[in-house]
Amino acid sequence: MPELPEVETVRRGLAPILVGHRFAAVEQRRKDLRFPLPAHFAKRLEGRGIEALDRRAKYLLARLDDGEVLVMHLGMSGRFKVDHANGAESAPGSFAQKAAEAPKHEHIVFHLDDGSAVRYTDARRFGYMDLIPADSLDTHPLFIGLGVEPLSKDFTPAWLAGKLKGKKTSIKAALFDQRLIAGLGNIYVCEALFRARISPFRSAGTIATKTGKATAKTIALVAGIKAVLEQAIEAGGSSLRDHARTDGTLGRFQHRFKVYGRTGKPCSRKGCGGTVARAVQNGRSSFYCPTCQR
DNA sequence: AAGAACTCCTGTTGGC
DNA sequence: TGCCAACAGGAGTTCT
């Protein structure tokens with residue numbers, strides 16, 4: 001489910017609940033998600049204060065007051081929901097409380113010291129959580145190979161051209177690769193390629209010159225990636241099935257897709273006249289306009 | 001060693 | 001209407 005804009009939306013929703021507060025109790029309902037949860041997970045969190053909530057790629061990083069970092073990844077179907085202290089859901093005798101059993105896929109509940117709760121639900125269980133010392137984050141296997149943050153100043157046409165030089169794989173697969181650019185997924189790769197008028201099948205190396213210099217295509221692609229991510233964050237991300245903001249409301253960016261999920265619909269580019277197509281690439285759907293994306 | 005295929009898991013959907 | 005293969009926003013591991 002969640003790509004960079006969805007994770008950033010979740011981060012912004014959780015930050016005011018978590019930062020400056022303490023975990024009073026943690027309910028852990030399974031021993032694993034995608035991977036085993038760390039030993040004594042709940043115990044190690046209880047009593048800890050949260051000093052900051054950051055994002056790196058599609059990871060959320062809660063920095064704790066004992067020098068450890070709670071690392072959280074939402075996988076495909078992970079979702080956080082906040083119950084505010086004294087909110088409707090936590091009111092005594094409320095309907096929610098009467099339904100005593102936990103929802104089927106609610107795996108972890110973080111109770112905060114002010115009575116609020118953060119509930120993690122993940123039907124497919126592709127998400128994961130870990131506790132890692134802050135000073136070993138940079139050398140941890142999960143993070144060591146991660147590529148550039150696409151919204152950072154480091155992500156420029158010159159940088160991208162240098163990386164794509166000589167790459168034989170498709171530009172779609174290259175943008176999907178977290179070791180190159182960290183945070184893009186299927187939706188925003190498709191949308192960015194449409195904006196840059198680049199075919200997802202084009203060999204990645206052809207976006208740059210042979211010597212790794214930026215071209216008009218490189219410039220358009222970097223601009224397209226940054227623009228689509230910024231607009232999606234602004235809209236609270238894209239809600240297809242699972243993503244919702246931490247207050248339960250849906251993101252809105254799905255209404256602004258130009259190609260994703262729009263197979264058979266007319267291309268929205270003025271004067272193009274093409275029809276959006278779908279093709280499977282590396283096992284994932286690519287949506288694109290064969291007429292104006294070259 | 002790059003690149004593609006397979007894998008984990010459950011829920012939904014679209015085509016017959 | 002009902003059934004079931006295909007597919008879903010990810011990414012580590014295993015192949016070729």
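Good morning. I begin with H105, which places a polar side-chain atom 2.6 Å from a phosphate oxygen of DNA strand B. Such a polar contact is a pair of N or O atoms within 3.5 Å; within protein, one must be able to donate a hydrogen and the other to accept it, and residues adjacent in sequence count only if both atoms are side-chain atoms.

This is a predicted model, in which local features need pLDDT of at least 70 and side-chain atom pairs count only at pLDDT 80 or more, while totals for chains, interfaces and linings use all residues. Residues are numbered from 1 along each chain as its sequence is written, chains are lettered from A in the order in which they are written, and side-chain values use heavy atoms, with hydrogens and water left out.

I turn now to the strands, which are DSSP runs of E, at least two residues long, numbered from the N terminus. Pairing of two strands requires at least two DSSP bridges between them. Strand β2 (residues 50-56) runs antiparallel to β3, with six bridges joining them; I50, for one, is bridged to L64 of β3. Five bridges join β3 to β4 (residues 68-73), again antiparallel, and R63 has V69 as its partner in β4. The β3–β4 hairpin has three residues between its strands, and G67 in the turn has a positive phi of about 90 degrees.

Terms used. Helices (H or I, at least four residues) and strands (E, at least two) are DSSP runs, numbered from the N terminus.
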